[in-house]
Amino acid sequence: MSTRAPVPSETRRSRVESEQEKLLSIEASAAVKEIAFAVRYVQISESLPQSEDLIYLNVETKECRRYCVELTVAGFKVVSYQYDTIATADTNSPYYETIYQLLDNVSPEYRLTFGEALIDKLKQVQETTDNQHN
């Protein structure tokens with residue numbers, strides 16, 4: 001009985017897949033932290049199955065609209081209007097490259113909150129710059 005050594009391209013592929021798995025998990029965790037200030041609720045789903053190439057987020061906008069959002073290497077996509085649910089009926093929902101793009105499309109309050117946070121940050125930078133020059 002002989003065992004076959006992995007072909008270099010197979011080894012590279014498995015490393016890439018492993019890195020994508022880690023990156024997807026990191027991206028999901030980062031998305032939760034980064035948008036928490038601008039939504040009512042956000043959490044990685046604990047009910048839906050997760051895998052190395054698929055993670056689900058539950059999000060409630062400030063307008064009180066609930067979404068189950070799929071995250072894959074293709075991006076973020078709304079898959080349901082209820083937490084922890086995958087609605088197969090709406091397969092035309094687009095993928096967004098970032099969670100920000102998705103929220104910008106579905107939540108006017110997100111846009112407003114994000115814009116206000118950006119203005120506040122710019123004011124802080126300006127004040128810091130002014131204080132350094134005085």
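Colleague: Where does Phe-37 lie?

Modeller: Phe-37 sits in the loop between helix H1 (8–35) and strand E1 (41–44), where helices are DSSP runs of H or I with at least four residues and strands are runs of E with at least two, numbered from the N terminus. The model is predicted, and local features need pLDDT of at least 70, side-chain atom pairs count only at pLDDT 80 or more, and totals for chains, interfaces and linings use all residues. Residues are numbered from 1 along each chain as its sequence is written, and side-chain values use heavy atoms, with hydrogens and water left out.

Colleague: Why is Phe-37 called partly exposed?

Modeller: Buried means under 20% relative accessible area and exposed over 50%, with partly exposed in between (1.4 Å probe, protein chains only). Phe-37 has 39% relative accessibility and therefore counts as partly exposed.

Colleague: What makes the nonpolar surface patch?

Modeller: Phe-37, Tyr-100, Phe-114, Leu-118 and Leu-122 make the patch, which covers about 460 Å². Patch residues have over 30% relative accessible area and no salt bridge, with nonpolar side chains (Val, Leu, Ile, Met, Phe, Trp, Tyr) joined within 5 Å and like charges within 9 Å; a salt bridge would be a side-chain nitrogen of Lys or Arg within 4 Å of a carboxyl oxygen of Asp or Glu. The areas come from the Shrake-Rupley method with a 1.4 Å probe, and for residues only the protein chains shown count as cover.

Colleague: How many disulfides does the rule give, and is Cys-68 buried or exposed?

Modeller: A disulfide is a pair of cysteine sulfur atoms within 2.5 Å, and the count by this rule comes to zero. Cys-68, at 0% relative accessibility, counts as buried, whereas Cys-64, at 45%, counts as partly exposed.

Colleague: What is the phi of Cys-64?

Modeller: Cys-64, in the loop between strand E2 (55–60) and E3, has a positive phi of about 70 degrees although it is not a glycine. Most residues other than glycine have a negative phi. Asp-84, in the loop between strand E4 (75–80) and H2, also has a positive phi, near 50 degrees.

Colleague: How do you know whether Leu-71 is buried or exposed, and what is it in contact with?

Modeller: Leu-71, in strand E3 (residues 66–72), has a relative accessible area of 0% and is therefore buried. Leaving aside neighbours within four places in sequence, Leu-71 is in contact (heavy atoms within 4.5 Å) with residues including Leu-24, Ala-28, Ile-55 and Phe-76.
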